[in-house]
Every structure is written in structure tokens, then in C-alpha cells.
Amino acid sequence: MAEYQPEILALCCNYCAFAAADLAGSMRLTYPSNVKVVRLNCTGKLDILYIMRAFEKGADGVFVAG
Amino acid sequence: MIVGEQKPIDEILGMVEQYKKIMVVGCGTCVAICYAGGEKEVGVLSSMIRLARNQTDNKIEVEERTVLRQCEEEYVRLIENDLDGIEAIVSIACGAGIQFTAEIFENIPMFPGLNTTFIGYVPEQGVWKENCGSCGNCVLGYTGGICPVARCSKSIFNGPCGGSQDGVCELGKDVPCAWAEIYERLKKQGRLDMIEKLSLYKDWKTARDGGPRVITREDMQR
């Protein structure tokens with residue numbers, strides 16, 4: 001049986017965390033494929049409904065970076 | 001505004017346990033302003049119900065609607081055409097809205113998702129305080145704008161009582177003595193004589209003691 005891999009949604013601020021992910025990409029760094037990155041204009045825009053919907057659609061965890 | 005608080009999720013889940021398709025209906029007025037029963041809370045509560053139920057074999061479908069006011073028919077009727085197959089409604093309006101919606105759609109079981117707590121105000125972000133007892137005979141003109149019905153723990157008209165110490169009610173240090181506040185404010189305004197004009201014996205017929213209250217204005221009727 002394959003090892004459990006949680007599906008993680010990463011909600012990232014455009015101005016810091018998403019920019020960092022971008023930079024990481026240009027440096028050819030990798031992150032696990034079970035992390036899905038979604039860009040937010042700002043984590044101040046984060047809404048509890050985004051998190052609830054993520055869980056409803058099957059995410060095992062939500063990672064907010066901003 | 002009318003202030004409410006969402007019921008514990010386990011209580012709500014218990015009420016809708018036997019239903020497979022429900023609608024959560026919010027109200028866009030008072031309870032939306034106090035972040036308890038508006039569109040956002042409908043979304044969150046519906047999501048919580050789906051998350052809890054759809055992990056089990058007892059799956060559920062939850063429709064989401066919010067009307068501007070559940071205490072007025074023209075708004076409540078807006079969901080009428082969306083009720084096909086809906087087995088139960090969870091309303092997160094105040095008690096008035098829940099009852100009125102239940103009356104209009106009387107064939108559908110109605111459950112409260114919210115506890116209506118009091119008529120109050122917002123002294124600061126995230127805090128709601130009761131300050132009107134809805135007694136039907138306002139005396140604020142005599143009491144410096146401070147309600148003895150809602151803000152005195154005993155609702156007395158001849159306070160402060162013996163439980164008042166240094167402006168604080170015996171209930172606890174977070175409860176100011178309304179009568180100490182009334183005295184101080186009237187004194188500041190040079191109107192202490194107002195207290196003597198206040199009847200010691202309030203006629204509670206205008207409050208709940210007289211039964212359910214009705215206001216009829218013929219000039220407003222069709």
C-alpha cells in the first residue's frame with residue numbers, strides 16, 4: 001500500500017509567499033506535487049469560505065502563507 | 001439590533017440528522033450585522049454540515065439562500081421556487097424570522113440554527129452588549145439614557161440596590177451598576193430631579209406580562 005500523501009492547498013500572498021515560490025521555481029527548487037499553490041492578491045483577502053470549500057473538495061490541509 | 005449566536009454545530013446536526021436535502025436560510029439584516037446569520041454564516045454553516053455528514057454514509061445535500069429579511073413576506077417568498085425536494089429548513093434568522101418563515105412554508109419542518117439573545121449595540125468590534133429590554137414603555141428620558149430594565153440586573157426602578165458597590169453590580173466586576181451610572185449621568189447633566197419623576201411602580205402590561213404584543217397602524221395598512 002502506498003504511503004499516505006495528504007493533499008495540501010497552499011494559499012499564497014502575491015507579494016511575498018507567491019513571489020518566493022516563483023523565485024524557488026526559477027532556482028529550479030522543487031516542492032511535492034501534493035501541494036497545490038493558489039495565489040491570493042493578499043492573505044488579507046483570505047476568507048473562511050475558501051478554507052471550508054478546500055476541505056469540502058477533498059483537501060486534507062490548508063497552508064496559508066503571507 | 002437583534003443579536004444572535006449560532007447554535008453549537010452538534011445540536012444543528014442532531015436536528016437535521018434524518019434529512020437528506022435541506023436548505024440553510026440566512027437573514028441579511030440584524031443577525032447579518034452581528035456575524036451570526038448572514039450570507040457568510042450561511043456558507044460556513046452549510047459547509048460544516050456537508051463536511052460532517054458527507055464523511056459518513058448518511059450523505060446530505062445543502063442548499064444555501066439568504067434573504068434580506070425573514071420577518072417580511074415579500075423577502076421570504078423569494079425562496080419559494082427553490083424549495084422543490086427540500087425536506088427541512090435550517091434558518092439562522094432571529095426567532096421572529098424563523099417563526100415567520102416557518103409560517104409561510106408550514107409544510108416544511110423548520111429548525112433554528114441560531115439562538116436569539118438580546119437587543120443590543122456594538123461598543124467595540126467583536127463585542128455585543130444588551131441595552132434594551134423591549135419593555136414597551138420607554139423611560140430613558142428620566143434615566144439619563146440608561147435603561148434600568150435591560151442594564152440593571154434586577155430591572156428595578158428604585159436602585160441602586162444593596163448589591164451595588166463602587167458602581168459595580170454584585171453579579172461581577174464586569175457588570176456596571178446601571179443605577180450608579182444613571183445617577184452619575186443625571187448629576188453630570190444637572191438633572192438629578194428626573195429620578196423623582198420616575199414611577200417606582202412600572203406598568204409591565206406593555207412588556208411581555210401583557211401577552212404577545214401587536215402594533216396595528218391603520219394608516220400603514222392596505
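Reply: What follows is a walk through some features of this predicted model, taken one topic at a time.

Me: Let's start with chain A, then. How many helices and strands are there in chain A?

Reply: Chain A has two helices and three strands, and, read from the N terminus on, its elements run β-α-β-α-β.

Me: And what does the C-alpha trace of chain A span along its principal axes?

Reply: The span of that C-alpha trace along the principal axes is about 35 × 30 × 10 Å.

Me: Where does A:Arg28 sit, and what is its phi?

Reply: A:Arg28 is placed in the loop between H1 and S2 of chain A, and its phi is near 65°, which is a positive value in a residue other than glycine.

Me: What else is in that loop?

Reply: A:Met27 is also found in the loop between helix H1 (17-26) and strand S2 (35-40) of chain A, and together with A:Leu23 and A:Leu29 this methionine makes a nonpolar surface patch of about 320 Å².

Me: OK, switching to chain B. Which domains does the assignment give for chain B?

Reply: The domain assignment of chain B gives domain 1, covering 2-118, and domain 2, covering 133-209. Taken over C-alpha atoms, the centres of these two domains of chain B are separated by 37 Å.

Me: Now pockets. What volume does the largest pocket have, and which residues lie nearest its centre?

Reply: The largest pocket has a volume of about 280 Å³. Its lining is made up of 13 residues, and those nearest the centre are B:Lys129, B:Glu130, B:Arg151, B:Val175 and B:Pro176.

Me: Which elements of chain B supply at least two residues of that lining?

Reply: Strand S7 (127-132) and helix H6 (148-151) of chain B each supply at least two, and S7(B) gives the most, with three residues.

Me: How does the lining of the largest pocket divide by class?

Reply: By class, that lining has six nonpolar residues, five charged ones and two polar ones.

Me: And the second largest pocket, what lines it?

Reply: The second largest pocket, with a volume of about 230 Å³, is lined by B:Met220, B:Gln221 and B:Arg222.

Me: One last thing: is the peptide bond from B:Gly159 to B:Pro160 cis or trans, and where does B:Pro160 lie?

Reply: The peptide bond from B:Gly159 to B:Pro160 is cis, with omega near 0°, and B:Pro160 lies in the loop between H6 and helix H7 (178-188) of chain B.

Key: Residues are numbered from 1 along each chain as its sequence is written. Chains are lettered from A and ligands numbered from 1 in the order in which they are written. This is a predicted model: local features need pLDDT of at least 70, side-chain atom pairs count only at pLDDT 80 or more; totals for chains, interfaces and linings use all residues. Side-chain values use heavy atoms; hydrogens and water are left out. On a 1 Å grid over the protein atoms alone, a cavity is a set of points where a 1.4 Å probe fits but cannot get out, and a pocket is an open set with protein on both sides within 12 Å along at least five of seven lines; lining residues have an atom within 4 Å of a point. Grid points are joined across faces, edges and corners, and a volume is the space filled by probe spheres set on the points. Helices (H or I, at least four residues) and strands (E, at least two) are DSSP runs, numbered from the N terminus. Ala, Val, Leu, Ile, Met, Phe, Trp, Tyr, Cys and Pro count as nonpolar, Asp, Glu, Lys and Arg as charged, and the others, Gly among them, as polar. Patches are made of residues with over 30% relative accessible area and no salt bridge: like charges are joined within 9 Å, nonpolar side chains (Val, Leu, Ile, Met, Phe, Trp, Tyr) within 5 Å. Accessible areas come from the Shrake-Rupley method with a 1.4 Å probe; for residues, only the protein chains shown count as cover. A salt bridge is a side-chain nitrogen of Lys or Arg within 4 Å of a carboxyl oxygen of Asp or Glu. Domain bounds come from an automatic or database domain assignment.
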